[in-house]
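Thanks for coming. Please look at the display for a moment before I start.

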Amino acid sequence: MTTPLGEQLATWLEALGLGAHLGEAGLPTYERDGDGRARWSDPVTAEPLSTEQLQQLDAVLRSQGDDPDHAVPLPLLQLKRAARVRADLLDDEWLTYATLAERRGTSLEATRFTVHKDAADRRLLVLREGADTVVPAFQLTDDGAIRPELEPLLAPLLAAGMDPWRAWAWLARPAALLGGQVPEQAVRDPEESEIVVRAAIHLAARVVIGGAG
């Protein structure tokens, strides 16, 4: 079903670059047909949205801010930002079970077991990307061993329940808490390591407080 409101919503979201993130947010999605018209559907039933449902969706998307005409759907913006961060991080070097096994010279089964154990012990940051298990390479030496100086950083962040993508971003990108230094690099310096560890503990405490709030 196509309606003027449906077209307006689709055009607005496309201008913001947010149309691709509707499904991830659990919201109705749309596809453009052969004539370029937006056809909205319910995420559960796959049935076309009624005019009333489109009006409800419009109200939800414009509920942020005092002026609905200029409101921005913040949850979708956050999803867009998170997707951009993920894409940027995945441009860095990372390993799968297979490539890590090759680096370590061990079997795939043994590698999978040790990765699971180290992740459970909060010694290794492990993420899921689609069907892949992703191990960011900055955590490892050339022979695949865990860099011991990173463990005091990982332990508080993971214990606090920080989103693993956010943890990767903080560890591998310039950090405001460290005056723009990259934590995983700065911690190599014995004169800086204590400061970096304190910054990680401070960040972990903020995560816990934010979660409790």
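First, a term: two strands count as paired if DSSP finds at least two bridges between them. The strands themselves are DSSP runs of E with at least two residues, helices are runs of H or I with at least four, and both are numbered from the N terminus.

This is a predicted model, so local features need pLDDT of at least 70 and side-chain atom pairs count only at pLDDT 80 or more, while totals for chains, interfaces and linings use all residues. Residues are numbered from 1 along each chain as its sequence is written, and side-chain values use heavy atoms, with hydrogens and water left out.

3 strands form an open sheet in the order 3-5-4, with antiparallel pairing. Strand 3 pairs with strand 5 (residues 132-136) over 2 bridges, in the antiparallel sense. Trp94 has Pro136 in strand 5 as its bridge partner.

Elsewhere there is a hairpin, formed by strand 1 and strand 2 with 5 residues between them. Gly36, in the turn, has a positive phi of about 80 degrees. Strand 1 (residues 29-32) and strand 2 are antiparallel and pair over 4 bridges; Arg32 stands opposite Ala38 in strand 2. Strand 2 (residues 38-41) has Ala38 and Trp40 on its covered face, and Arg39 and Ser41 on the uncovered one.

On to charges. A salt bridge here is a side-chain nitrogen of Lys or Arg within 4 Å of a carboxyl oxygen of Asp or Glu. How many salt bridges are there by this rule? The count comes to 13. Asp33, Asp35, Arg37 and Arg39 are linked in a network of them.

For exposure, buried means under 20% relative accessible area, exposed over 50%, and partly exposed in between, using a 1.4 Å probe and protein chains only. Arg147 is buried at 3%. Arg147 forms a salt bridge with Glu149, the closest N and O atoms being 2.7 Å apart; Glu149 is partly exposed at 25%. Arg147 also forms a salt bridge with Glu184, again with closest N and O atoms 2.7 Å apart. That pair links distant parts of the chain, 37 residues apart: Glu184 is in helix 8 (residues 183-186), and Arg147 in the loop between strand 5 and helix 6 (151-159). Glu184 is buried at 9%.
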